[in-house]
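Dear colleague,

I am passing on the structure below, together with notes on what turned up in it. Please read the notes beside the model.

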Amino acid sequence: MNSLTSGAMPANFLSLAREIRDQIYELALVLNEPIDLAWDASRGHDLAPGLLRTNKIIHSEASSLFYSRNHFQLFERFIDPTVPLKPYSDPTISFFSQIGRNNAHQIQHVSIAFPNWRSDDAASEDVRLNAESASILTKIQSSCPNLQTLTAFIYHENPFWLHFPDGSAIHEPELVTEGLGPINDRFRAITSLREILVHFDFCPHDFVKREMESLGWKVVISSAAKLGSRPPRLCGDFWRRARD
């Protein structure tokens with residue numbers, strides 16, 4: 001076990017230049033892939049949470065880099081393609097409460113399930129976000145004033161237009177336009193955002209892609225080879241140790 005993993009730091013660590021300390025923090029606490037907040041399975045990861053318990057100065061420096069540099073994934077998708085993507089309203093709210101206000105303010109990169117929309121009744125033309133999607137975006141907006149990038153994922157087993165009756169949106173472009181409007185309004189309400197990405201694991205309809213790009217969103221289409229990959233999971237105990 002190395003000293004970073006165990007939490008033991010050299011006595012003169014704080015005498016190192018801050019740039020050097022930041023490089024060490026990055027090696028110990030920053031991943032190249034998104035961190036899934038909600039998995040509850042036993043698996044390893046390459047983070048060194050013991051570093052956050054060393055002392056108050058190191059905790060402050062390291063946690064700032066950890067939250068600002070990592071990308072946090074606020075949804076669940078299993079390898080089984082028949083299991084639909086699930087947004088996490090309650091766990092998302094719990095996560096922000098658990099890490100504390102100061103740490104949440106450091107977060108710059110998050111991923112969410114693409115918001116679902118619905119009509120209140122079959123005869124209504126009033127298309128709006130469903131309650132869970134709205135709750136997640138409200139929490140992100142209030143908790144992350146320095147958010148820079150928001151990535152919304154759409155997977156082939158539950159494309160967003162299926163939330164209209166009979167999948168009608170794909171045949172009626174005006175419904176796509178109407179449905180994307182309130183979602184864009186909620187995205188743009190997060191005024192710190194510099195980039196909005198919509199990530200498909202299939203090729204979307206050309207009209208859908210054009211409409212999204214007309215709103216200033218960047219559309220990303222992934223290869224099928226990436227469908228089964230899982231981001232690392234961090235347990236609740238980690239977030240308690242990484243709290244303010």
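Ile154 has Phe200 of strand 9 standing opposite; helices (H or I, at least four residues) and strands (E, at least two) are DSSP runs, numbered from the N terminus. This is a predicted model, in which local features need pLDDT of at least 70 and side-chain atom pairs count only at pLDDT 80 or more, whereas totals for chains, interfaces and linings use all residues. Residues are numbered from 1 along each chain as its sequence is written, and side-chain values use heavy atoms, with hydrogens and water left out.

Strand 8 (residues 149-154) and strand 9 run parallel and are joined by six bridges, where two strands count as paired if DSSP finds at least two bridges between them; within this pairing, Thr151 is set opposite Leu197. Strand 9 also pairs with strand 10 (residues 218-221), again in the parallel sense, over four bridges, and here Phe200 has Ile221 as its bridge partner. From strand 9 the chain passes through helix 8 (residues 206-214) to strand 10 in a right-handed β-α-β crossover (with the strands pointing away from the viewer, the path from the first strand over the helix to the second runs clockwise). Of the six residues in strand 9 (residues 195-200), five are buried, that is, under 20% relative accessible area with a 1.4 Å probe and protein chains only.

The open sheet has six strands in the order 1-2-5-8-9-10, with parallel pairing. Strand 1 (35-36) and strand 10 are at its edges with a single partner strand each, so one side of each is left without a neighbour in the sheet. Helix 3 lies across strand 1, strand 2 (71-73) and strand 5 (109-113), and runs at about 60° to strand 2; axes are lines fitted to C-alpha atoms, for helices over the stretch in contact, and angles run from 0 to 180 degrees between N-to-C directions.

**Helix packing**

The axes of helix 2 (residues 18-29) and helix 3 (residues 56-69) come within 10 Å and cross at roughly 55°. The crossing of these two helices is right-handed (the near helix is turned clockwise from the far one by less than a right angle).

Pro173, Val176, Thr177 and Leu180 of helix 7 meet Phe207, Val208, Glu211 and Met212 of helix 8.

**Overall figures**

The chain has nine helices and 10 strands, and 48% of its 244 residues are buried. Of the contacts in the chain with a separation of 6 or more, 74% are between residues 24 or more positions apart.

Best regards

Technical notes
Buried means under 20% relative accessible area, exposed over 50%, partly exposed in between (1.4 Å probe, protein chains only). Contact means heavy atoms within 4.5 Å.
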